[in-house]
Amino acid sequence: MVRIIFLIFFGFLSNGAAAGVTLNIGYLRVDVPRPPTLSNLDPLPENNGLAGAQTGLQDNQTTGKFLGQSYTMASTIVPHNGDVLRTAKEMLVVSPYLVIDAPSNLLLAIADLPEAANALLFNTSSGNMALRDTECRKNMLHSLPSDVMRTDALAQVFIQKRWRDLVMITGTYPADTAYAAAMRRSLRKFGLKLSSEKIWQADADMRRTAAQEIPLFTQEFGDYDALIIADETHDFGRYVLYNTWQARPIVGSEGLSPQTWSPVIEQWGAAQLQSRFEEQHSRDMTGPDYAAWAAVRTLGEAVTRTNATDPETLRAYILSDDFELAGFKGRALTYRTWNGQLRQPIAIAHPRALVAQAPLEGFLHKSNELDSLGLDRPESKCEVFQ
Amino acid sequence: MIPFIKATLASTALILTGSTAWSGEIWVTNEKDDTVSVIDTDTLEVIQTYPTGERPRGITFSKDFSRVYICASDSDAVQVMDPNTGEILHDLPSGEDPEQFVLHPDDTHLYIANEDDAITTVVNTKTRKVVAQIDVGVEPEGMAVSPDGKIAITTSETTNMAHWIDTTTQELFANTLVDSRPRHAEFTKDGAQMWVSSEIGGTLTVFDVSNQVELAKMTFDVPGVHPDRVQPVGFEFTQEDTHAFVALGPSNHIAVVNAKTYEVEDYILVGRRVWHMAFNADKSRIFTTNGVSGDVTVIDVASRKALKSIKVGRFPWGAAFRP
């Protein structure tokens, strides 16, 4: 009955009455310089993430015009050594909804601002597990998958393909070591063996010598089923492919890779999102773009269904059973009520095609198969979220 | 076990020797082969394959079946084909990325969903001119027109609405929210109800056409299939609108819904990722397009049993009948 009244109400609005519900969204990016990499073949787009938020905003606006709801977004980019907290405070005066691209320490600092106490923040940049665990915050949702969601997805592929004996090469940057840590955790979780690990010491220019260096470097691994590359900085990984001593698959940051989003996803209506994005921004959609898109669409979906703009109502709706986001991944996306993580399938892709999508068939879960990826309710030590 | 074998033999015999009341053809668009496959409804074999534009999806015939209209999505055109020769006669201006369309009862106006542009385009098939373009929600797809021709419906996948178009003014007069990713819409024959499927929401919503109020919402529960994979897409009403056959996408099943009680009476296993469907002449059989398995399943409507799978092109999508 409630739903019917709801529909009549919207039907009435769309017949011409101006309702004047406006949701303001802030997009905040902290510009962190990237470490130097061996190859400059794939520069990160300047508007990485922001472009996704803009596409999400446009989707919201199109929907909103039929309901008398409008959306605005103000974006601010702060250098990493700038006054991030002051900027965040200023933005929180305008809107309690911030979509943030920042390192995890700054995400936490923003979430802990007194001004953010009643805000709703979206982490679209950090896969850090702690943010979904001991360091979770009541006012922070995560539209980007955690690192462990992605490495769990890859571990499911190992199980399915019976690649049980793994070795790993890890870079030395923080993103690489974090990814390696997540991978070790996933291998343990799924009972797989990591028989050997090597650190990539960045002291050779592999554009000249990969063919000579990598066979020697990987010879010491002996035999194994697959080689994991933990190189989230994308420094050396690309030179390992087709240069290893053993002819074995390469997985992880290169080769067969678990991804938030990839230009090769075209199923589940994704071709439409890809072409809409490409038309607007003249480039492919990345994982950070997708996370920002999902954050803005989450807010849009909540406003569409509740016709409200206050954080309390929207947060309650987003975490309720009624919420579902159609995220072009073939299943409804919802938020984990124990830590605010957006549940989502993970693409297992190489640069030319989608190979699989986790959760893979057979990885069952008592309530939601998507919770076979990442921190499940009993594992998460997040206590303040609910 | 023995009765089962007998039944199978009996239905096989029916396929080989039996003949339906009227013969006819089922035309299937093959999204990733840029072709249409023509299936003989008696022999249940592919008798013709014709090339089309890129990524053909929606398909429908003119009322006298002398023309077949095909949405060639990636060619940004609606193609008009002579179904007797397979020759493309001309293209209609369709707006960008036409995905699905519906032919108005006047046999002249096509209402076309332009998926990439959030627009419904109305084209006059005689003058080959665009009559109107109507702003709708993001990713319009499902298209329907009321039997009296007064109302056209567009459903938008990302906006999650059914948009109600007054065909006299070509303007929206109502927008009703439905569950996530609406895919297909149909009016009942008496024009009293309009049904919408929601792929990600996993539901089928019934509206009262007179006031656009939701009358009912159906959910599906396919035994042994995770609810997330139960994704209603295309559906069709049986003779006299007593039941609806609903394609449930990657659950690889068709649901048979009682159109009076709104209860699911049966689930029929078909090919992988079932999309759309079309009946034969007397509606005794229904032909479903199975996107992933690249085949068409023939279902006997009375017994609700799958009779045969027919291999067609890659990723079959739309289906339409002609006598």
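Because the model is predicted, local features need pLDDT of at least 70 and side-chain atom pairs count only at pLDDT 80 or more, while totals for chains, interfaces and linings use all residues. Residues are numbered from 1 along each chain as its sequence is written, and chains are lettered from A and ligands numbered from 1 in the order in which they are written.

**Confidence**

- The model scores ipTM 0.80 and pTM 0.87.
- Chain B averages a pLDDT of 92, and 93% of its residues score at least 70, where pLDDT is the predictor's confidence in each residue, from 0 to 100.
- Over residues 1-20 of chain B the pLDDT is below 50, and beyond near neighbours in sequence this stretch has 14 contacts in the model; two residues are in contact if their C-beta atoms, placed from the backbone, lie within 7 Å.
- Where pLDDT is low, the predicted coordinates should not be read in detail.

**Overall build of chain A**

- Chain A has ten helices and 14 strands, and these elements are DSSP runs numbered from the N terminus, with helices (H or I) of at least four residues and strands (E) of at least two.
- The radius of gyration of chain A is 22 Å, close to the 21 Å that the globule rule gives for 386 residues, so chain A is as compact as a globular protein of that length; the radius is taken over C-alpha atoms, and the rule is 2.2 Å times the number of residues to the power 0.38.
- Along the principal axes, the C-alpha atoms of chain A fill a box of roughly 70 × 45 × 40 Å.
- Of the 386 residues of chain A, 52% count as buried, which is to say that 20 or more other C-beta atoms, placed from the backbone, lie within 10 Å of the residue's own.
- Among contacts in chain A between residues at least 6 apart in sequence, 69% join residues at least 24 apart.

**Domains of chain A**

- Chain A is divided into domain 1 (2-145 + 262-344) and domain 2 (150-259), with bounds that come from an automatic or database domain assignment.
- The centres of the two domains of chain A, taken over C-alpha atoms, are separated by 32 Å.
- Ten residues of domain 1 of chain A are in contact with 14 residues of domain 2 of chain A.

- Strand 4 of chain B pairs with strand 5 (residues 68-72) of chain B in the antiparallel sense over four bridges, and Phe65(B) takes a positive phi near 60° in their hairpin, which has six residues between the strands.

**Contact between the chains**

- The contact takes 24 residues from chain B and 22 residues from chain A.
- Strand 15 of chain B gives the most to the side of chain B that touches chain A, with five residues.

Notes
A residue is buried if 20 or more other C-beta atoms lie within 10 Å of its own, exposed if 12 or fewer, and partly exposed in between; C-beta atoms are placed from the backbone. Two strands pair if DSSP finds at least two bridges between them.
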